[in-house]
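Please consider the charged side chains of the structure shown below.

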Amino acid sequence: MLNKKWWHETIGYQIYPKSFQDSNNDGVGDIQGMIQHLDELQELGVNVVWISPINLSPMVDHGYDISDYFQIDPSFGTNEDFEELIQEANKRGIKILMDLVINHTSDQHEWFKEALANPNSDFRNYYVIKEGKDGLPPNNWRSIFGGSAWEQIEDTNEYYLHLFTKGQPDLNWENPMLREELYQMIQYWLDRGLGGFRIDAITHIKKNYDYINVPADGPDNLATVWEHYRDATGIGEFLGEMRDRVFTDNDVLTIAEMDVEDPDKWEEYFGENGYFSTIFDFYHTPYSIQQEKYKEHPVTFIEDMKTKMFAKQVKANGRVLFTNFLENHDLPRALNRWIPESEIHFNSASALAMMYFFLRGIPVIYQGQEIGMVDYPKDSIEEYLDLPTYNNYENYLLEGLSEDEALHQINIECRENSRTPVQWDASEYAGFSTVKPWFDVNPNYHDINYAQQKDDPHSLLNFYKKMAVLRKNKAYQETFIYSDTVPFATEIKGCVAYERQGIESIFVICNMTNQPMQVPVASVEEILLTNGETDIYVDGYLHLKPYQGIIFK
Ligand code: NOJ
């Protein structure tokens, strides 16, 4: 049994600030807009809210390019607004997590500007700057967002490294002065009363600095070489130092965005003595579930997800807690990923929710997921705003897809799908703003919106609330948090079934198909939650309706 921590009881919620709620009618979401909805988040059962970056930023990557760590971006409000948010949230038992973006800064950060303006300045060594070779960049690494990972510094033979857009120069973690500055900044924010951080792209802070060219793997003559800049040898020294300097004594929740593929390394990276409390990994998401299949539409690969998810759960038993999530701001909407379009409705959405919410770990809801928001495919590529979208589109054209085919592909996989404004009500612009928002609202807001679901006892929103109430029920909470996940009936296709074996034995069964399903179970003592009929246990079998989920003991 793990030593108890306050954050083990977390039901998390992610806010993507630009799209959550606009309070000052400039078309962009803001902090006062978040404060307006704290009561609803509390009613939803949420007690930790992760906010994607709100620091000063030129918004090349929508805030993941920070130009001043100490200032809140004026489009979101002021530093005082943020402190008000922390306090108002705390009053409602909600802790706020900031997004800690420390693999890179913006190219508009003073450090970077100083580094370029003055080659002798100490800030030069805050970034990764190298000589080019024969008029070419130092090597042929591809940026994660496409194109070379190096940008030439004007009129020189020097280049800076950027694993993401060229507006996001990578920081040089080898430099102790830089690390010190970052720790001070982290402590500054913790002193404002934060609950912790979600930590961005942290797996990239260490690079193998040999800079050799590698065999090209695409028509752009570049190569993606994860082993050189993801989880590179020696990264643990930096992560351990950061934990010891700023995390341990502050008793914070730290959620690192990283995959730790080798289960033998889990305890080193997260959990009781790990570098972080837990991780957001993408092992069970469409990212890693057979990339080729992901290109088909609609995608109904529940079986693949089940296999991956359960393999991870079973290995985590008794050891560590993962975060469990279906969506975030880098993924398209889960309903479009896992449910065929004509079958997206209350039952399928609630079954999908039950499937992940009761696993061992920390459940996290992404804004809009609780009302069943879906993708908003575009008629033309110009309707998109994100740089990587355009890079991916160009790549598809290079690979030989027609413009229509490339757009179709982007519509399926694009992360911008989850960034449309939250649909609060049926008024113009969905109650997100009174003016045209920075990114178009999905026109289906008349049918899918918060206000309508709030008053409907049978809505998805109210089902999410019921799930949260059940997870927090004192009689079962220990079981849901700490007990083992034991899959069963795995041979039944489309059936996701597991037992949480703790003080209580609680069973979760979800029929993720559009057909009736019979699942043998020894007994049903009490049904704790279902999205369908309750009178379904006959002769040793549960007779589940299509997309019926049930939780019982
Ligand atoms: C991961 C973030 O989630 C994503 O949105 C961002 O573009 C990259 N890291 C770069 O910061």
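A salt bridge is counted where a side-chain nitrogen of Lys or Arg lies within 4 Å of a carboxyl oxygen of Asp or Glu. The model is predicted, so local features need pLDDT of at least 70 and side-chain atom pairs count only at pLDDT 80 or more, whereas totals for chains, interfaces and linings use all residues. Residues are numbered from 1 along each chain as its sequence is written, and side-chain values use heavy atoms, with hydrogens and water left out.

Across the whole structure, 33 salt bridges are found. One of them joins Arg 198 to Asp 200, with the closest N and O atoms 2.8 Å apart. Both Asp 200 and Arg 198 are buried, a term that denotes a relative accessible area under 20%, against over 50% for exposed and partly exposed in between (1.4 Å probe, protein chains only).

Arg 415 meets Asp 61 in a salt bridge with an N to O distance of 3.0 Å. Because Arg 415 belongs to the loop between α14 (403-413) and α15 (450-454) and Asp 61 to the loop between β3 (55-56) and β4 (68-72), the pair ties together parts that are 354 residues apart in sequence. Helices (H or I, at least four residues) and strands (E, at least two) are DSSP runs, numbered from the N terminus. Arg 415 is buried at a relative accessible area of 12%, and Asp 61 is buried at 6%.

The loop between α14 and α15 also holds Arg 419. Arg 419 forms a salt bridge with Asp 330, the closest N and O atoms being 3.2 Å apart. Asp 330 lies in the loop between β12 (323-325) and α11 (334-338), so this pair links parts that are 89 residues apart in sequence. Arg 419 and Asp 330 are both buried. Through shared partners, salt bridges join Asp 61, Asp 330, Asp 386, Arg 415 and Arg 419 into one network.
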